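The sequence and structure are shown first.

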Amino acid sequence: MEPHSFIGIKKEWDIVGARQLGREIARKLGFGTVDQARIATAISEIARNIYLYAEDGKVTFETIEGMNHKGLRIIASDNGPGIDNISQVMEDGYTTSGGLGAGLPGVKRLMDEFDIQSEVGKGTIVTAVKWLR
Amino acid sequence: MDENLKQIALDNRESIVETWKNEVEKLKSQNYTSTISDELFESTNREFANVIFESINDGGSTKSVELFSEKIINLGWPLSYITDGLQVFRRATIDVILGTTKKVDTDSLSLILTSVDQWVEPIIRQLVNEYSGSWENIVSLQRVALQELSAPLIPVVEGITVMPLIGTIDTERAKLIMENLLDGVIRHNSEVVLIDITGVPVVDTMVAHHIIQAAEAVRLVGAICILSGIRPEIAQTIVNLGIDLEKFPTKNTLEKGFTSALEMTNRKLTDLDTKQHFDIEQLIKSIKGV
């Protein structure tokens, strides 16, 4: 595991900062433009969730090296209210903010690996990995 | 006693300024000010010293401080030049005054420290205020400039309007897009509006949601909305996210969007009469004697 970097999410413009950094790391790792766009969009979604629901959190980037492939891991963690029913938020079209409700299930489809852990009152951690092909 | 100290400071002006200049000179090498030419640095330092002493003499003259800060702001020097300079000045003055006083007890020491602080503080406060005021001014001007650029609406031909979007779309901008779009549809009496997202780096669910809402609102006022400039990678992320954009036509370039907008309004682009072109070719041929 390589040394990683993170961006704190407090303001709406921090989302832009996070996805710019993420896109830059992805580009350096050798991801193509389509995957860069996927990664940037995924970061945008999970960072926006922090901004909308938790108000304060961070997005961390790690480059990972597997046996014969490299990848980028994105970890979004916050100390927000947490999610009561995770299976519900992973359903397409479920929203509490009046949005499209495609954010988290969308991230799962945009990335190769996806994991969400949440405890009500404690916070949420979303981990997503994209492998370099 | 306070007047007394002031007198000492004024009497020893030369030596204070000398120590101060040396110290500031040292700061220069390690500070951002290293790119500034020596002459300019010298003359500004001299002026700075004059301003400080004038302020002490007048018991806080504001006019010269104001002029000086304006000058420094215009030169684009960092704020640290001023704050560091005044810190050094405080130190130098205290040193010199202590040097001239024969007997130093705690009372007189605290008196010296307080009075020097009282000389320096109003200058610092005013200079910092001037600086932050100028920054705030710049930021608010830029915000206005950005807002003017954020959702431009261009009437291209009768009935067709284009809104080219460049850069990140945040919540505030999304509101502006919606307002300008509807306002423009009514004002220019548009039948078709094109939203071009060629310059939008990321289309996430929030951006898509706002575009869908804007298109729906445009439909409600009786016009058609076409989304153009969808790059291949954006198309793929939209599909991955599972966003439904079926309610309105989408095109990959503004050119194609414009062509279909013309079709919707029963018009099309044609080249100018080719006959004239042909005539010129004939003319050239006849000149060449073919």
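Two strands count as paired if DSSP finds at least two bridges between them. The model described here is predicted.

## Confidence in chain A

The mean pLDDT of chain A is 89, and 97% of the residues score at least 70. Within chain A, helix 3 (residues 86-89) has the lowest confidence, with a mean of 86, while strand 5 (residues 123-131) has the highest, at 94.

## The sheet of chain A

Chain A has an open sheet of five strands, ordered 1-2-3-5-4, with antiparallel pairing. Strand 1 (5-9) and strand 4 (113-119) of chain A are the edges; each has a single partner strand, so one side of each is left without a neighbour in the sheet. From one strand to the next, the twist averages 15 degrees.

Strand 1 and strand 2 (residues 57-65) of chain A run antiparallel and are joined by five bridges. In one of the pairs, Ile9(A) has Gly57(A) in strand 2 of chain A as its bridge partner. Helix 2 of chain A packs on this sheet, where it touches strand 1, strand 2, strand 3 (70-78) and strand 5 of chain A. The direction of helix 2 makes about 10 degrees with that of strand 3 of chain A.

## The sheet of chain B

Four strands of chain B form an open sheet in the order 1-2-3-4, and here the pairing is mixed. Strand 1 (154-157) and strand 4 (224-228) of chain B are its edge strands, each pairing on one side only. With direction ignored, neighbouring strands are turned by 30 degrees against each other on average.

Strand 1 and strand 2 (residues 160-166) of chain B run antiparallel, with three bridges between them. Val157(B) has Ile160(B), in strand 2 of chain B, as its bridge partner. Helix 10 of chain B packs on the sheet and touches strand 2, strand 3 (192-199) and strand 4 of chain B. The direction of helix 10 makes about 175 degrees with that of strand 3 of chain B.

The parallel part of the pairing includes strand 3 and strand 4 of chain B, which are joined by five bridges. Ile195(B) stands opposite Leu227(B) in strand 4 of chain B. Although strand 4 of chain B is an edge strand, four of its five residues are buried.

## Nonpolar cores

In soluble globular proteins, nonpolar side chains tend to be buried together. The largest nonpolar core of this model has 64 residues. The residues with the most contacts inside this core are Ala42(A), Ile43(A), Ile46(A), Ala47(A), Val59(A) and Val193(B). Helix 2 (residues 33-54) of chain A gives the most to the core, with nine residues.

Beyond its neighbours within four places in sequence, Ile46(A) is in contact with Val59(A), Ala76(A), Val107(A) and Val126(A). A second, separate core has 25 residues, among them Leu5(B), Ile56(B), Ala92(B) and Ile97(B).

## Helix 4 of chain A

Helix 4 (residues 103-110) of chain A is largely enclosed by the rest of the structure, because six of its eight residues are buried. The buried residues are Gly103(A), Leu104(A), Pro105(A), Gly106(A), Val107(A) and Leu110(A).

Their cover comes from both chains: it includes helix 2, helix 3, strand 4 and strand 5 of chain A, together with helix 8 and helix 9 of chain B.

## Contact between the chains

The contact takes 21 residues from chain A and 17 residues from chain B. On the side of chain B that touches chain A, helix 8 (205-220) and helix 9 (232-241) of chain B each supply at least two residues. Helix 9 of chain B gives the most to that side, with six residues. By class, that side of chain B has six nonpolar, eight polar and three charged residues.

## Two residues with positive phi

Glu55(A) lies in the loop between helix 2 and strand 2 of chain A. Its phi is near 70 degrees, a positive value in a residue other than glycine. Glu55(A) counts as partly exposed because it has 13 C-beta neighbours inside 10 Å.

Asn266(B) is in the loop between helix 10 (254-264) and helix 11 (274-288) of chain B. Asn266(B) is not a glycine either, yet has a positive phi of about 60 degrees. With 8 C-beta neighbours inside 10 Å, Asn266(B) counts as exposed.

Terms used: Residues numbered from 1 in each chain as written. Chains lettered and ligands numbered in written order. Predicted model: local features only at pLDDT ≥ 70, side-chain atom pairs only at ≥ 80, totals over all residues. Core = buried A, V, L, I, M, F, W, Y, C linked by C-beta atoms within 7 Å. Buried ≥ 20, exposed ≤ 12 C-beta atoms within 10 Å, placed from the backbone. Contact = placed C-beta atoms within 7 Å. Nonpolar A, V, L, I, M, F, W, Y, C, P; charged D, E, K, R; others polar. pLDDT = per-residue confidence, 0-100. Axes fitted to C-alpha atoms, helices over the stretch in contact; angles between N-to-C directions.
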